Amino acid sequence: MYDWLQAALENDSTIVTANRRLARELRKAWSAQQVARGAAAWKTPEIRSWQGWLAALVADAGSATDLPTRINAHQSQVLWEHCLRKEIGDDITGLPAIGRLARDTWQRLADARVSIRDVARSARSQDQRLYAAAAGRYLAVLENEAWVDDAGLAALALDLVAAGRVSPGRRFLFAGFDRNRPSMTALQAALRDAGCEVAEQPAADYGAAPVMHEFEQRDAELRAAGAWARTVLDARPEARIAIVAPSLEQSGRRDLRLVREGFVPGWQYGPASLRDAVNVTFGQRLSDYPAVGIALLALRWLVGDLSAREVARLLQSPLTGVGERHGRSRLELRLRQLPDRAWSPSMLTSALRGANEAPDAGDWLTIIAAFSKRRRELPRSAAPSEWVVILDECLARLGWPGPEARSSDAYQLVNRWRELLNDFARLDIVASSMTARTAISRLEQMAADTVFQPENRNPAVQLMGALEASGEEFDAVWLAGMTAANWPPPGTPTPLVSRTLQIERGMPDATPADTRDWAEATLQRLSGSAPVVVCSYALVDEDVEQVASDLLGDFERIEAPPDTGWQASSLVGQGEVRRIDDEVPPVTSETIFGGAGTVQQQLSEPFSAFAFGRLGARVLERQALGVPAVLRGNLVHETMFRLYHDLPTADTVRAASDDEVRAAASEAADGALRRHLRNSGPVLAQLLQLERDRIVELVTSFIGKDGERDEFQVEALEGELEFRRGPLRLQLRFDRIDRFADGSIGIIDYKTGAARTLLLRDGTVKEAQLFVYAMASDEPVAMLALANLDARETGFSGAGRGFTDEAQWPGLLAAIGAEIVAACDDLVAGDVRIVAEQGAARARGLNVLSRYTELRRGE
C-alpha cells in the first residue's frame, strides 16, 4: 500500500495533498514503511495539505515585513458580514448564512481565477449584483489593509513564484485531487518555469472487479457492510477497511450506529474499544457537543435570561458546579413546580434559596450568585481579546468543564474550545470593539461553523464520504448508497454568480454534465483504491423507492449477504424466565416518605407505597407552563391560612358581611401572591392576577358554606402530627383542626383539584388519609371532612358530626382503623404486590420498576 511513497519523497521532495486527512494518512504510512525497513529514526517527510502547503510556500518565499497579513476563516466571515451589511442594510436576516455562502463563492472564484470585474459584468439578478458589489468592497478592504484570506493564498503564492522568490530545483508531487483547479494549474506551471519539478500522482488502480449487492432497506445495507468488514478483519487483522457512504453530514451518526451493529452486534454493552473500532471521519459542529453546548448556554445567561428547561440543563449538568448533584437534582424538581419564565441568575437564586439543604445545592446557588454579580459588572463593550478573558473567567467560576476525569475525546474537545477562543481573540484585527451580546452571539456562530472530530487512534473500520477518501488506498472498500438519487450527487452551483460565467470558466457543478463527469471519475478512483471493492444500494430509503445508479455500469451483481438485524431482537424468546427470590426487607428504622398518602397507596396499590414511601421515588413532572397546578393549590392553601390565621368561631364567620368576606379574601390572596409577583414578567403577572381573582371567588364561596356548619372554633392551622405503628413512623401535616363545644375535634383537609369524596354512596371509605390523621391524634375526633375548593365544586365531603349518623361514627372509625393497621403491617413486612387491574396508564409512571407491562404479557 502506497508503494510509490518511498520514491516520491526522495531528494527532499514535497507531497501536496487535496486535504488534511490524506496528508495525515500518508505520514502514517511513511512511518510504518520506515519501521518495516528497520529504521530507528527518520526525517519527517514534507507532506502537506493544499492549504497548508500554500501557507508554507508563502512563508518561505518572503519576509513577514513585505507580505500581507493572513486572516483566517472567522475573521473573513466577520469582514464579509460587514461588507454585505453595507450593501444590503442592517435589517437583513440570516446574515451569517449569507456570509458563509459569500465566502464559499469567493473561494470558488479564486480557484477558477475569476475576477470581480467579470462577476459584476455577468451578473443577471439583483442578488448577483449585490454580491458583486459586496465582493468588490471586500476586496478593497483586503487591499487597503494589506490582508490576504485563505482564498487569496494561491494567487499570492503564484505572484511570489513568478517573482523568483521560490528556490529552484525543488520537486513537488500533487496527490488526491479529483477536480482541475485553474489556480493550481497556474501555480504548477509557474513552478516549472522557476526550475522546479512538478508531477501528479496517478490514482491507485488495484485492478479490482467490483461486485454489487441489492438490499431491501438502507438499515440492512449498512449492517451488512459492518458484518462484511468484520469478516475481512477476521481473515486479515491488519487490513485497512473503508465504508464509503453519501450524505454523512446529515445521517452520519445514525449510519455509524448501523455499521457498528453489523460489525459487533451488541457493541453498546461492551467496552469502549468496540465503539471505537468503527469511526466516522465526518465530524459534527462544535456547538453540537454537549460540553460546548453547556458552555455556550451559560455564556448566553450573561446577556439574557433562560427558560426553565435551559436552567435545568445547567442544574443537572456534571460540567458545572462541584461535587455531587443530589441536591441540585432536588432543586431541578422544585424548578419544575414553579411557573416557567425567563429566569435571570438573581431571580433563580432568590426563588430556590432554601429549597434544599444539601451542601451541593447551596454551593451551586452560591456559584450562580457570584455569576449574577459578574453579569452586572460586564463592560458595555470591549475588544474580542478582552472578551475572551472575561468569558473564560465566567466559565471557570461555574466550574466548567467540571471536576470529573476526562477521556481522550473530552480532552481534545476542551482543547478545541480553547483554540476557538484564541480564534475569537484574533478578531481584534477586523472588529476593534463589540458589546457582550454581540461577542457571545459571534462565539456561538463560530462554534456552529467549526466542525470537530476527535482523533481515533487506530480504528479498524473507517466510515467516510467520497471526498474524504480522495487519494487513499485500502485493503477493502464498500461503497454504500449507490442509488440514482445519491450518485451522481445533486450539483451545487453557486447562486451568487451567473450560470453563464460559471459554465465559461468551468466552475464545479456549473452543468449537470460536469457533476456527472466528476461522479464517474470519483467512482472509478474509489473502485481502484483497493483489491476488494463492494458496491451496494437499497431498494427503499426513508420510505422512498430507489434504483441503482446507472454509473455502476456492468458491475457484477451477486446475492446480498443476509441482514444481521438488531442484536437485541435475537434475544427475544431466548432462554427461560427464572424466578429469583429476592424478598424486600421489613421496615426497621428507615424514614418513610409520603405521610398518609403512603397508607392510601398501600390500601389501593402496594407496590406504589413501596416505591414512593420506602424508596422515595418520584414521578418526574413536566416543566410547568403558566401557573402550574401545584402552585395554584399552594396559593389557595396560603390564602386560607391567612384568612383563618386569627382562629375564628362559626359565629364570627357567619357575622361577616359579603363585602367584609370579599375584602378579607382579597387581602389574603394578595399576601399569598406577593412573593410570586416580585420577579414575574408581564405575561406571568397577568396570569397570576387572573389566578388571584379566581381564588377570591373560590374562597368567598367557601366561607359562606363554612358558616352554615354547626358551632366550631378553629383550633389550629398547618400543624403536624405523627402516626406510629410498630417501627413505622409517618410525619403528617394537617390543614385545619376545629374544636367543638364538647371538647372533641374535627380535622379538615383542603383539596384544590378535582372534587374528592370521603365516603362512597354505600358508606365505604374512598379517601383514607383523614382517618390516618384521626388515628394519630391524641384527642377524640368527631368529624373528618374534605374541603373542596375548585371552580367546579366548592363545599365539604365528610363523615361524623354534621355529615353522617353520629351513632355509627365510632364503628366506622374503628373499622377503617383496623384496615389501616393491617395495611401498615403489610407495608412494614415488605409488601410489594402489584395490582393487575390498575391498567397500563396508571402503572406507566413506575413501569420501569414494577415491570407491569411485561408481567401482564406473561413475559
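Predicted model: local features only at pLDDT ≥ 70, side-chain atom pairs only at ≥ 80, totals over all residues.
Visitor: Which residue forms a salt bridge with R300?

Guide: Start with the general idea. Side chains of opposite charge can pair when their charged atoms come close. Here the partner of R300 is E444, with the closest N and O atoms 3.0 Å apart. R300 belongs to helix 13 and E444 to helix 20 (residues 436–449), so the bridge ties together parts that are 144 residues apart in sequence. E444 is partly exposed, at 22% relative accessible area.

Visitor: Where do R375 and D305 lie?

Guide: R375 is in helix 17 (residues 359–376), and D305 is in the loop between helix 13 and helix 14 (308–316). Their salt bridge has its closest N and O atoms 3.0 Å apart. The pair therefore ties together parts that are 70 residues apart in sequence. R375 is partly exposed, with a relative accessible area of 22%. D305 is also partly exposed, with 38%.

Visitor: Is R692 buried or exposed?

Guide: R692 is buried, with a relative accessible area of 16%. Its side chain meets that of D693 in a salt bridge, at 3.3 Å from N to O. D693 is partly exposed, at 33%.

Visitor: How many salt bridges are there?

Guide: The count comes to 62. Some link into a network: R21, E25, K28, R240 and E472 are joined this way.

Visitor: Now the sheet. What is the strand order in the open sheet of four strands?

Guide: Again, the general idea comes before the case. Strands of a sheet pair through backbone hydrogen bonds, either parallel or antiparallel. In this open sheet the order is 2-1-5-6, and the pairing is parallel. Strand 2 (46–49) and strand 6 (197–200) are the edges, each pairing on one side only. From one strand to the next, the twist averages 20°.

Visitor: How many bridges join strand 5 and strand 6?

Guide: Four bridges, in the parallel sense, join strand 5 (residues 171–175) to strand 6. Take F174 as a case: its bridge partner in strand 6 is E200.

Visitor: Which strands does helix 2 touch?

Guide: Helix 2 (residues 20–36) packs on the sheet and touches strand 1 (14–17), strand 2 and strand 5. Its direction makes about 160° with that of strand 2. Helix 3 (residues 50–61) also packs on the sheet, touching strand 1, strand 2 and strand 5. The angle between the directions of helix 3 and strand 2 is about 115°.

Visitor: What should helix 22 span?

Guide: Helix 22 (residues 512–527) has 16 residues, so at 1.5 Å a residue it should span 22 Å. Its end C-alpha atoms are 22 Å apart, which agrees.

Visitor: Which residues of helix 22 are buried?

Guide: An α-helix has 3.6 residues a turn, so residues three or four places apart point the same way. The buried residues are T515, W518, A519, T522, L523, R525, L526 and S527. They pack against strand 8 (241–244), strand 15 (476–479) and strand 16 (532–541).

Visitor: Which residues touch the most other members of the largest nonpolar core?

Guide: Y131 and W417 do, in a core of 86 residues. Helix 13 (residues 290–300) gives the largest share, eight residues. Beyond its sequence neighbours, Y131 has contacts that include W80, W106, L496 and V497. A second, separate core has 34 residues, among them L673, V696, F702 and A787.

Notes
Residues numbered from 1 in each chain as written. Heavy atoms only, no water. Helix = DSSP H or I, 4+ residues; strand = E, 2+ residues; numbered from the N terminus. Expected span 1.5 Å × (residues − 1). Buried < 20%, exposed > 50% of the residue type's maximum accessible area, 1.4 Å probe, protein only. Contact = heavy atoms within 4.5 Å. Pairing = 2+ DSSP bridges. Axes fitted to C-alpha atoms, helices over the stretch in contact; angles between N-to-C directions. Core = buried A, V, L, I, M, F, W, Y, C linked by side-chain atoms within 4.5 Å. Salt bridge = Lys/Arg side-chain N within 4 Å of Asp/Glu carboxyl O.
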